[in-house]
Amino acid sequence: MKKLYTVLVVAMVAAFVLAACGAQGASGGDLLADIKSRGYILVSTDPNYAPQSFLNTSGKRPSGTKCPSDALTTAEMQGFDVDVATELGKRLGVETCFATPNWDAITAGNWADKWDISVGSMTITPTRQKVLAFTTAYYYTPAVVAVTKDSGITSLDQLAGKALCVGASTTYEDWLNNKLDLPAANIFAKAPANVTVVSLDTDQECAQALQAGRKDFVGYVTSGTVVDSNIAKGLAVVKVGGPVYEENLAVA
């Protein structure tokens, strides 16, 4: 596994370098040159998407950091995506810093030099490829539906006419709205009929709302890794059926 991780990181660095050399940076030159000159790479990611990325509440901002004052350092963030972004910075010989814009702003592609890349478990889709360049996928995960244990729901068809929560501008939202732009081979199940879609800023807000007692939806759609993390932390939810589609996740 460690060897595979190393191979993927090297491939991502190579892909990023090729893209950045041809991308316009703030100085009008190539983006990679700008990053090397300033000594840090600014990565957008989600501060509330455990286990992929989340705030390290015990982390302290190190003295001497090159990160902008409105950005987070590697000491203040943790998670798998954070580790990937940190390793990318190391391979490029610069410090890694984190910006935390809303997901819909990231996927829209109008970044205006506010950050350099996104390491946020983003699924590669043809629609996103119109405005974003992607590296080699660095991992793959199933999308799943989770519902509260007390709902009594055990199959996807029982969710017809119910309300489900998703992160805004995610492929989970697209799936529920029957607009998922992925190869047919990657989609394993159709969305339940007549579902009411409740969109929040991030997937984890759906789980946190259920934990807080919110009752206007019975469950949520997200990565299997997120649901596993929620269950491990005591959230009373269960997965419904198997994976509904496969996500190929890359740096954008």
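I began with the aromatic pairs and counted five of them; rings of Phe, Tyr and Trp (its six-membered ring) pair if their centres lie within 6.5 Å, with planes under 30 degrees apart called stacked, over 60 edge-to-face and the rest tilted. I looked up Tyr138 and Tyr139: their ring centres are 5.2 Å apart and their planes stand at 50°, so this pair is tilted. Ring pairs also join Phe80, Tyr138 and Tyr139 into a cluster.

A note on the source: this is a predicted model, where local features need pLDDT of at least 70, side-chain atom pairs count only at pLDDT 80 or more, and totals for chains, interfaces and linings use all residues. Residues are numbered from 1 along each chain as its sequence is written, and side-chain values use heavy atoms, leaving out hydrogens and water.

Next I checked burial (buried is under 20% relative accessible area, exposed over 50%, partly exposed in between, with a 1.4 Å probe and protein chains only). Tyr138 is buried at 5%, and Tyr139 is buried at 14%.

Then I went looking for charges over rings (NZ of Lys or CZ of Arg within 6 Å of the ring centre and within 35 degrees of the ring normal). I found the charged end of Arg38 over the ring of Tyr40, 4.9 Å from its centre. The charged end of Lys233 sits over the ring of Phe54, 5.7 Å from its centre.
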